[in-house]
Structure formats: C-alpha cells, structure tokens
Amino acid sequence: MSGTRFAFFKGGIVPIEQANISIMNHALNYGTAAFGGIRAYWNADEEQLFIFRPVEHFTRLLQSAALLRMSFPWTAQDLTQHLIELLRAEGYRENCYVRPLAYKDLNGIGVRLHDVPDSLSMWAMPFAKYIENDGGAHVHFSAWRRVDDNAIPARGKIAGSYVNSALIKSDAVLSGYDEALVLNQDGHVSEASAANIFVVRNGTVLTPPVTSNVLEGITRRTIIQLLRDDLGVEVVERDIDRTEVYLAEEMFLCGTGVQIAAVTKVEHRPIGDGALGEITRRVRDYQNDVLYGRVAKYREWLTPVYAETPEVAR
Ligand SMILES: Cc1ncc(COP(=O)(O)O)c(C=O)c1O
C-alpha cells in the first residue's frame, strides 16, 4: 500500500513487508476477523496530528472481537499508545486512515471460534477523501437486506459480514448510483453500505436506533451529540420507513471514511430541493472544526501524536 512503511504486528512495530499472513489463515478463509477504521487529522497551524476518538474506536474493536470469542492482553488505551508509536514511526504530516484488525490466527482447517489463537495488527496510510461527490450523492434502495444480528452480529465490525456491504455497494455503483440504502429484515431503513444515515423530517433529525441492525458508529454518536448539545437540533432515534426517505427534507451519510456526505437524490427523486440542506451543511462544517481541534470543548476527543507526552483522549 503506497505510503505505508510500518505495521503493528505480533505486539510490536515492524516494517510492513514483515507483516504477512499465510493463505492458510483462518480469518482469510472464513472471515473470522473484526476490524476498525480510525482517522487522524493534520492541523497545519499547530503542526499536530490528531487521532479522533481512538479509545472509542478501540473499545468497539475489542467488543467486536469479543463477539468472535477473541481476547487480547491490551486495553483500548494500550492500543492507542501503540497507534501513537506507529504513526510516529510513519511520521505522517497529513490526514491519514488507520486499519486495526483483530483476527483468528490459525493456519489450518476448521470452522469454529474456540481453540483458535487471536492476533491483532494495525497499519496506516495517508488518506484524503473517500467519496469524491461533493455535490451530493444519488442513492437507491438495495435489493439486498442488511445482515441480521441473529445471523452475524450487525453492531460489530465483523470482517465476514462485509460481503453484505460489498454486494450492496457494487450493485449500487454498477447500476449508476453513488451509494445504496439498505433495509433490515423488518423492512425499515438501516444504513448505507458502510455508513450510518440521518434524515430530516419537519425540522427533526431522525436516525435508526442501534437495535436496527446498524453498526454502532462512532461518527453517528458524535453527530447526535453535536446536533443536540451544540446546534440545538432535535434528534430522534427511531425506525424509519422507506417512504419517509422519499419525503425527507434532507439526508446525509456519516462514518469515519465518508465523514458527512449529503444525499440529494434517491432513485431519481430529489431530496428536499435537491441541494445541500441547511442542517447537513451546519453539522458537516461544525464536525470539521471539531476534527481539526478548533472546538475547545471537544479537544478531549483528540489524541495528539506528536505531543511530548501524548495524552490519550477519551
Ligand atoms: C457498515 C458500517 N456502518 C457504519 C459505519 C460508520 O461507523 P464509524 O462512524 O464508527 O466509522 C461504518 C464505518 O466504517 C460501517 O462500515
């Protein structure tokens, strides 16, 4: 991967060329892994790289791993320290994306979760934008259903379940859309292929609850707090019907990769007036200030990589 020189592998920082697994690996063959996606933002004025909510991300990773009966000797704080070491070794002075992976590390045959050793790796790469469509995405409703919690835990970031996301994403793009919304087994809107969703109806922001087979997004949690506490916008977590999306005034996707991306069209119907909505613009701009450390009260969410004695954020 271009721009990546090191990895956290088998408990230490090693050159990326040494961080390899076998074609016999359990996780590669059966999808028995959990992963994360963490961003760090370069603040050029302060010459500082800020990791966004790393402890929250590592806590979710450890929880997703626990669902797969994995256990590790590290806490979320320990993993944050290892990530600081990794990013310092890379020396990035630009935005970057981090990929931690907790995986079943057996070279052999046998579909199970017990009696298989666990490993955890991390690597990072420079990363600017995820979706190039600044003008607003056009989405459709996928013919696929979101993976159900009673089949594969939906609230965790389980590698095998991303076959579901990949089917949803490719069918959307190959049909001429930018993204897809996916319904859960109950027929309610759950999320996009790899992002949570918010819609605005009658001035209130709605998002599906965490019991709707959504991934428990860190960005989702962040956005709910920013809207409620700072922007004075009411947020309600409840089931959302398909036809509510057609009638929404605004809609946006959110996630670590996508950040906040406006959706302006669904199946050739404009959302609201088909342009970037006011609430979406406000929360996107405010979140951007938060990510780069420009909002004092949320500096506690940021862990600086190049501080002399880095303090691990919440
Ligand atoms: C399926 C899915 N939903 C939602 C999200 C957003 O989660 P987060 O905000 O923690 O990145 C992701 C992120 O990668 C995802 O893969």
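Me: Hi! Which residues in α4 are buried?
Reply: Asn-164, Ser-165, Ile-168, Lys-169 and Ala-172 are the buried ones in α4. Buried here is 20 or more other C-beta atoms within 10 Å of the residue's own, exposed is 12 or fewer, and partly exposed is in between, with C-beta atoms placed from the backbone. This is a predicted model: local features need pLDDT of at least 70, side-chain atom pairs count only at pLDDT 80 or more, and totals for chains, interfaces and linings use all residues. Residues are numbered from 1 along each chain as its sequence is written.

Me: Why do the buried residues line one face of the helix?
Reply: Seen down the axis of α4, they fall within an arc of 125°, so they line one face. The arc is that of the directions from the helix axis to the C-beta atoms.

Me: Which residues are exposed on the other side of α4?
Reply: Val-163, Ala-166, Ser-170 and Leu-174 are exposed there.

Me: And what do the buried residues of α4 pack against?
Reply: They pack against β8 (137-145) and β9 (179-183). Helices (H or I, at least four residues) and strands (E, at least two) are DSSP runs, numbered from the N terminus.

Me: What comes just after α4?
Reply: Gly-176 does, with a positive phi of about 95°. Ser-175 also sits in the loop between α4 and β9.

Me: Is Ser-175 buried or exposed?
Reply: Ser-175 is exposed, since it has 11 other C-beta atoms within 10 Å. From Ser-175 to His-140 is 9.2 Å in space, C-alpha to C-alpha, although they are 35 residues apart in sequence.

Me: Switching to the ligand: which residues come nearest?
Reply: Of the 14 residues around the ligand, those are Leu-215, Gly-217, Thr-219, Gly-255 and Thr-256. A residue counts as near if its C-beta atom, placed from the backbone, lies within 6 Å.

Me: Which helix gives the most to that shell?
Reply: Helix α5 (residues 218-230) does, with 3 residues.

Me: How do the shell residues divide into nonpolar, polar and charged?
Reply: There are 4 nonpolar, 8 polar and 2 charged. Ala, Val, Leu, Ile, Met, Phe, Trp, Tyr, Cys and Pro count as nonpolar, Asp, Glu, Lys and Arg as charged, and the others, Gly among them, as polar.

Me: Last topic, the whole protein. How many helices and strands are there?
Reply: The secondary structure comes to 7 helices and 17 strands. Across the 314 residues, 43% are buried. The C-alpha trace spans about 50 × 50 × 30 Å along its principal axes.

Notes:
Two residues are in contact if their C-beta atoms, placed from the backbone, lie within 7 Å.
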